[in-house]
Amino acid sequence: MKVLHFGKYYLPIRGGIETVLANLCQGLVQRGVECRVITAGHSGRKERGYVDGVYVHRMRNVGQFNS
């Protein structure tokens, strides 16, 4: 099975939603599920790679709204 998640940010950025998403993905990977995450990048450029067995694709961030 393959699962694709969309999130605001992913580890190493810390926060409530980021932690829940990381725990969910890591639990799925331990059960043999291929898990990918698409998220905004925090460095202003695209980044791709694995974080604890989860493939993370960080998209280029062109702006941010304050809450």
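1. Pairing of β2 and β4. Strands β2 and β4 pair in the parallel sense over five bridges, where pairing requires that DSSP finds at least two bridges between two strands. Within this pairing, Ala-40 stands opposite Met-59 in β4. Helices (H or I, at least four residues) and strands (E, at least two) are DSSP runs, numbered from the N terminus.

2. Basis of the model. The model is predicted, so that local features need pLDDT of at least 70 and side-chain atom pairs count only at pLDDT 80 or more, whereas totals for chains, interfaces and linings use all residues. Residues are numbered from 1 along each chain as its sequence is written, and side-chain values use heavy atoms, with hydrogens and water left out.

3. Overall architecture. The protein chain holds one helix and four strands, and along the sequence these follow the pattern β-α-β-β-β. Of its 67 residues, 28% count as buried, buried being under 20% relative accessible area, exposed over 50% and partly exposed in between (1.4 Å probe, protein chains only). Among contacts between residues at least 6 apart in sequence, 44% join residues at least 24 apart, a contact being heavy atoms within 4.5 Å.

4. The β-α-β unit. Strand β1 (residues 2-7) pairs with β2 in the parallel sense over six bridges, and β1, α1 and β2 together make a right-handed β-α-β unit. Right-handed is used here in the sense that, with the strands pointing away from the viewer, the path from the first strand over the helix to the second runs clockwise.

5. His-5. This residue is found in strand β1, and its bridge partner in β2 is Val-37. His-5 counts as buried because its relative accessibility is 15%. Leaving aside residues up to four places away in sequence, His-5 touches Leu-21, Leu-24, Cys-25, Leu-28, Cys-35, Arg-36, Val-37 and Ile-38.

6. The nonpolar core. The largest nonpolar core has nine residues in all, namely Tyr-10, Leu-11, Leu-21, Ala-22, Cys-25, Cys-35, Val-37, Val-54 and Val-56; such a core is a set of buried Ala, Val, Leu, Ile, Met, Phe, Trp, Tyr and Cys residues joined through side-chain atoms within 4.5 Å. The elements that give two or more residues to this core are α1 (16-30), β2 (34-40) and β4 (54-59), and α1 gives the most, with three residues.

7. Cys-35 has its place in strand β2 and is buried, because its relative accessible area is 3%. Not counting residues up to four places away in sequence, Cys-35 touches Val-3, His-5, Cys-25, Leu-28, Val-29, Val-54 and Tyr-55.

8. The structure holds one aromatic pair, formed by Tyr-50 and Tyr-55 in an edge-to-face arrangement, at 5.2 Å centre to centre and 70° between the planes. The rings of Phe, Tyr and Trp (its six-membered ring) pair if their centres lie within 6.5 Å, and planes under 30 degrees apart count as stacked, over 60 as edge-to-face and the rest as tilted. Tyr-50 is exposed, with a relative accessible area of 60%, whereas Tyr-55 is buried, at 18%. Arg-36 lies over the face of Tyr-55, at 4.6 Å from the ring centre, the criterion being NZ of Lys or CZ of Arg within 6 Å of the ring centre and within 35 degrees of the ring normal.
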